[in-house]
Amino acid sequence: MRILVTGGAGYIGSHACVELLESGHEVIVIDNLSNSKEMSLSRVKEITGHDIKFYTLDLLDKVKLNQLFSDHSIDSVIHFAGLKSVAESIVNPLAYYRNNVSGSVNLFDVMTKHNVKNLVFSSSATVYGLTDSLPLKENCPLSAENPYGRTKIMIEEILRDLHDSDNAWNIISLRYFNPVGAHASGRIGEDPSGIPNNLLPYISQVAIGKLKQLTVYGNDYATHDGTCIRDYVHVVDLAKGHISAIEKLDSHPGLVIYNLGTGNGYSVMDMLGSFERANNIAIPYTIGPRRPGDIDASYTDPGLAMSELGWQANLGIEDFCRDAWRWQQDNPNGYE
Ligand code: NAD
Ligand code: UD1
């Protein structure tokens, strides 16, 4: 199939491109490179030995987007493109609503016009908000604590209305838990700009000496060691989930939603200890105050993705830590 991947130069998108190409799909990527480098796609070509068509294109540029759909016959779209920083979304909410919501509406509009009605959308476990009903299932109530999370809920709602208006649409929203790790080749991985917000990139940068020490945000949570628990999922497993989703679209599923996580929760201290053991390296750390907006624990019940998509995560905590560190060591300055 010919798949259009929006945001395909980014962290999860580049890993999905590898899996798509290796599964025999043809890939067209559009990305405005606001949070990525074109080099990630050169590396994807190098890993797979397959070509990718790439266009520097912003989803807000509807004229160019329309032209792209006129120039190519597209079977399905995987929609990764979006801004993803919670902190930035609080400071600059309009940029998030404009980019994520308006950009998505443009995409869905142009898809409708060109009768392309197969879509996989990158949603997030953030749509479950500050809940304590664990493990999280797809039918748990939604709430968002910040503009970023609200953009994900809004886009999911837009997609529901779109499907209600025209059930020729096949839409799969994938709610990712915490993507981590990197491709086993060490050639593609997460390349955060500035100081990383997320745990494993932060630990990796302490390990390489770019940052002095990790601050553990709070050790008085109601968990086995007092630090927060999350459902970390390897980015390659996540990428494979998109292959399962693309294949599922063939069976005309209508609108469906799947949580993608392992179902296992690990604490901050579990991750730190595992990184140290897997890579034989000591990580200096200090205990700091809680980070506003963090919850004690978040992990999924992966049963629905397993039974309906035939997908389950295979890689575990040692793989997360080993692969994140290989990527960091081989690319100390990311794609620079
Ligand atoms: P990323 O920033 O690495 O990738 C997103 C890509 O989209 C970037 O390459 C960026 O340049 C591009 N982009 C942004 N706005 C665009 C626009 N208007 N037009 C064209 N391209 C645009 O992020 P990621 O981690 O790969 O995340 C991919 C998707 O998954 C995002 O929608 C994100 O919200 C979602 N998600 C990510 C996580 C995570 O922790 N990484 C968790 C849950 C959900
Ligand atoms: C964050 C985002 C969430 C996004 C998710 C996956 C916030 C509030 N939430 O969630 O919207 O979907 O990333 O990308 O930003 N930690 C430390 N020290 C650090 C960094 C993190 O102790 O320097 C802890 C955090 O308190 C948390 C855990 O590590 O308990 C994981 O943090 P992080 O990687 O940022 O993921 P989330 O908090 O789950």
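Predicted model: local features only at pLDDT ≥ 70, side-chain atom pairs only at ≥ 80, totals over all residues.
So, to start us off: is Lys84 buried, partly exposed or exposed? At 44% relative accessibility, Lys84 counts as partly exposed.

Okay, the ligand. There are 26 residues around ligand 1, and Lys84 is one of those that come nearest, along with Asp31, Asn35, Ser36 and Tyr148. If you sort the shell by type, you get 11 nonpolar, 11 polar and 4 charged residues. Three elements, α1 (11–22), β5 (118–124) and α6 (147–165), each put in at least two residues. The biggest giver is β5, with 3 residues.

Now some contacts. With Ser36, an N or O atom of the side chain sits 2.6 Å from an oxygen atom of ligand 1. With Tyr11 it's the backbone: a polar atom there is 2.8 Å from a ligand oxygen. Then Asp58 uses its side chain, where an N or O atom is 3.1 Å from a nitrogen atom of the ligand. And how much of ligand 1 does the protein cover? On its own the ligand has 820 Å² of accessible area, and the protein covers 95% of that.

Next, charges. Side chains of opposite charge can pair when their charged atoms come close. Searching the whole structure turns up 15 salt bridges. Here's Lys84 again: it forms a salt bridge with Glu190, with the closest N and O atoms 3.9 Å apart. Those two come from distant parts of the chain, 106 residues apart. Lys84 is in the loop between β4 (76–79) and α4 (86–91), while Glu190 is in the loop between β7 (178–180) and α7 (199–207).

Last stop, helix α11, residues 317–330. Arg322 and Asp319 make a salt bridge there, 3.1 Å from N to O. Through shared partners, the salt bridges join Asp319, Arg322, Asp323 and Arg326 into one network.

That's my tour, thanks everyone.

Definitions and conventions. Residues numbered from 1 in each chain as written. Chains lettered and ligands numbered in written order. Heavy atoms only, no water. Near = heavy atom within 4 Å. Polar contact = N/O pair within 3.5 Å; in protein donor to acceptor, adjacent residues only side chain to side chain. Areas by Shrake-Rupley, 256 points an atom, 1.4 Å probe, with all protein chains shown as cover. Helix = DSSP H or I, 4+ residues; strand = E, 2+ residues; numbered from the N terminus. Nonpolar A, V, L, I, M, F, W, Y, C, P; charged D, E, K, R; others polar. Salt bridge = Lys/Arg side-chain N within 4 Å of Asp/Glu carboxyl O. Buried < 20%, exposed > 50% of the residue type's maximum accessible area, 1.4 Å probe, protein only.
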